[in-house]
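Please look over the sequence and the model first.

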Amino acid sequence: MPVMKGLLAPQNTFLDTIATRFDGTHSNFILANAQVSKGFPIVYCSDGFCELTGFSRAEVMQKSCACKFLYGPETSESIILSIDDALEERKEFKDEIMFYKKTAVLFWCLLDIVPIKNEKGDVVLFLASFKDITDTKAKAIQEDKKEERRRGRVKTGSPFSSARLRSSTVLYHISGHLHSREKSKIKLNKNVFGDPPALPEYKVADAKKSKFILLHYSTFKAGWDWLILLATFYVAVTVPYNVCFIGDDDDLTRSTTVSDIAVEILFIIDIVFNFRTTYVSKSGQVIFDARQICIHYLTTWFIIDLVAALPFDLLYAFKVSVVSVVHLLKTVRLLRLLRLLQKMDRYSQHSTVVLTLLMSMFALLAHWMACIWYIIGKMEMEANTYNWEIGWLHELGKRLELPYYTIEGVNGTGSGPSIRSVYVASLYFTLSSLTSVGFGNVSANTDAEKIFSICVMLIGALMHALVFGNVTAIIQRMYSRWSQYHTRTKDLKDFIRVHHLPQSLKQRMLEYFQTTWSVNNGIDCNELLKDFPDELRSDITMHLNKEILELSLFASASRGCLRSLSLHIKTSFCAPGEYLLRQGDALQAIFFVCSGSMEVLKDGMVLAILGKGDLIGANLSLDDRVIKTNADVKALTYCDLQCINLKGLYEVLDLYPEYSHHFVQDIQQDLTYNLREGHETHVSPSKCFTVQTDICAESDTC
C-alpha cells in the first residue's frame, strides 16, 4: 500500500535546535561567523537580544561578535581584551560585563561565548548568550554596603567598582541557579553554556528517530495494518453472529474463545504501536517526537481503540456464565469499523482495493441483515402458541423435513434445522432481497417479516444506487486529484527518461513536485481566482498574504495600495539544499521567510542565517530597476516563502507615488540582508566559512 511519507529530506536544524534550548528568560543570544577573522560578523540575532539591547535586527547584523556597539565608559578594558583573545583563540569565555543599551542605559550582563563546531571539528560559529543581571548586582551592592556598615568600614569608589569585587560570587550564584533549574527539568540546560559537546553541530543531518519509534510508511506497519483490517472484519462478522445465532449456547461460544482472545490481544498491541508510530502533520512534516505522537493519538482514536479492545472474553477464562451479556457488550467492538474511514485513503490507492472494500461492506451488510432476519423469526416463534406455524423458520423446517416441535404448549427452538442451515438460508434471503426482489423459496409470511423485507429491499435499492450503479462516479470523485497527481508524476518521469537527467537532478525534481503538491494539493491559486472580480480577489489575496502585509514596511501604505500589492504576492517553497538565488542573478522579487531557515553564502562563506520573519531583497531605486545579487541564498530546512514580484511592485509604486518615497526609505531599515551589489560585507577570502553547502552531492537520498 503506498503511503504518503511526508517530508524526510536531511535538514540543517541548528538554528531551530539552538532556539529551543532557551526559555523566555534566556532567549538573548547571537550567532557569529567564526571563520571571518575581521570582526567575526554577526549572522543571526534572536528577538530577545533585540529587546534587551534596543537595537533592531537590521542594525545588529554583520556587526562584530564582540558587540562593540554596546561598549561605554564603564565597560572594563580588561574584559574587552579578554573577549578579543577568546574570539581569536576560538575558546569559551564567560564573565560579567557592563553594557549600554541603544538608549544609553547601563546594565550588567552575564556574557557567555561558546564556539560551535561542524562535523569536521572546525569552529565555524560563535554562540554568544546575554543575561541581564542588573537586579542581582544591585542586591549584591546593597548587601555589601550593609556588611560595611556592620563592620564599621568606609570604602570609597563607585558602586560599580565595588560590585566588580563581588563578580565572582555573583557568577557562582548564577551558575548554581542554572544548575538547580536543570534539576527541575526546565528547558534551559546548563550544558548549553558550559559543555561544548552538548551543543549541536552546524551541519546537515537526517531527522533523529528513536529505535523504538515505528515509521508509519514502513513495510512492517503496512503489513500490520492489513492484519488489523482482517481482525476488524473478523469482529464485524463474528460479534453479530454470536449475539443472534449462538446466544446462550455456552459450548459453541467457548469454541471461538481462543480466536476472540487473539483478536483482543492484537487490538491491545495495536494501541501500543499507535503510541510509537510516526504521523504526518498538517504542514507535511513527519513527527518523530514521542510526546507529540502520544498527544496526537490520545486526542484522536485512542478512546475508540480502547473500547474496542476491552477483554470481555476473559470472563470465559474465569468461568463466568454470562454468555448473552458478554455478546452484547462485545458489540462495542464494531466501533473499530470507524477506523476504516481514517485509513480509506491508504486502502484506496488502487481501484481494485476500492471495489474489494465496497463488495466486502456490501457482504457485511447482508450478513448483519441475515442475523436480524433470524432474530425476527426466532422471537415470533417463541412468542406464539404451538398452533402457530406460518413463520419462515417453520417453512424452512418443513422443506428440510426437520420441523420444529412444541415444548409445554410453546414452540421451541431446540429442534428444527441446524444453525448452519438456518444461517445459510438467512444469508441467501437477505442477499437475494438486496440484489433483486427474492425468489420466493424463502419468503416473508408474518407482518414483522414483511416489514423487514420491505426495509431490506429499500436498502438494496440504495446500495445499488450508491455502490453498483455509481462505482465509476465514486472512483472519479475520490481519485480525481490523485489521478491528476499520478498523471503529472508520470509526465515528470517520462521527461526525465527522455532527456537522460542525472539521478541527483531527478530526485530534486520529484521531491520538489511532491512537496509543493502536498502544500497546495495541486491547486493553482492564480487559475482558481482569475474568474473572480478584482474586488473579491483582492480581499482573498490580502487574507492569504496578511503575514507579510503586516510588516512595518507597509504600515504607511493605504488600503488601496495594499490591495493592489497583494495581487503581486506569490507563495513559494524551497527544499533543504536548494538555492533560492545565485550570486549575479537579476533579482526578480523580494522574499519573506514564513517558516524554516536559510543562509546567505558568498564564496562558501556564510554571511547571514535567516529565519522566520526575515526579509530578503535589496534597497530599491525608482530609476535603476535592474538589481544584481551579491551572494547566494540557500535553504537549510524546508522553507515557506512569500515573494513580491518586483515588476508588479514597481507598477504599484508608480500608481501610488505618495507611498513610493516612504517605501524606498523604509525598506533599507527592514531588510535583514541586502543583496544589492555594492553592499557586500568586507571579509577575508582566506578565512571563509566553509560549510558543507552541497548536501547529498554524493548521496541518493537527496
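The expected span of a helix is 1.5 Å times one less than its number of residues. The model described here is predicted.

**Transmembrane annotation**
- An unreviewed UniProt entry annotates residues 223-241, 261-281, 316-332, 353-376 and 451-475 as "transmembrane region".
- Residues 223-241 are 100% helix and 0% strand, with end C-alpha atoms 27 Å apart.
- Residues 353-376 are also 100% helix and 0% strand, and the end C-alpha atoms of this span lie 35 Å apart.

**Helix α20**
- Helix α20 covers residues 447-468, and its 22 residues should span 32 Å at 1.5 Å a residue.
- The end C-alpha atoms of α20 are 30 Å apart, which agrees with that expectation.
- The buried residues of α20 are Glu449, Phe452, Ser453, Val456, Gly460, Met463 and Val467.
- Viewed down the axis of α20, these buried residues fall within an arc of 100°, so they line one face of the helix.
- Asp447, Ile451 and Leu458 are exposed on the other side of α20.

**The five-stranded sheet**
- An open sheet of 5 strands has the order β10-β17-β12-β15-β18, with mixed pairing.
- At the edges stand β10 (569-574) and β18 (673-674); each has a single partner strand, so one side of each lacks a neighbour in the sheet.
- Strand β15 (residues 615-617) and β18 run parallel and are joined by 2 bridges.
- Ile616 has Tyr673 in β18 as its bridge partner.
- Helix α27 (residues 646-655) lies across β12 (589-595) and β17 (639-645), at about 45° to β17.

Methods:
Residues numbered from 1 in each chain as written. Predicted model: local features only at pLDDT ≥ 70, side-chain atom pairs only at ≥ 80, totals over all residues. Heavy atoms only, no water. UniProt positions renumbered as here; feature names shortened; annotations may be inferred. Helix = DSSP H or I, 4+ residues; strand = E, 2+ residues; numbered from the N terminus. Buried < 20%, exposed > 50% of the residue type's maximum accessible area, 1.4 Å probe, protein only. Arc of directions from axis to C-beta. Pairing = 2+ DSSP bridges. Contact = heavy atoms within 4.5 Å. Axes fitted to C-alpha atoms, helices over the stretch in contact; angles between N-to-C directions.
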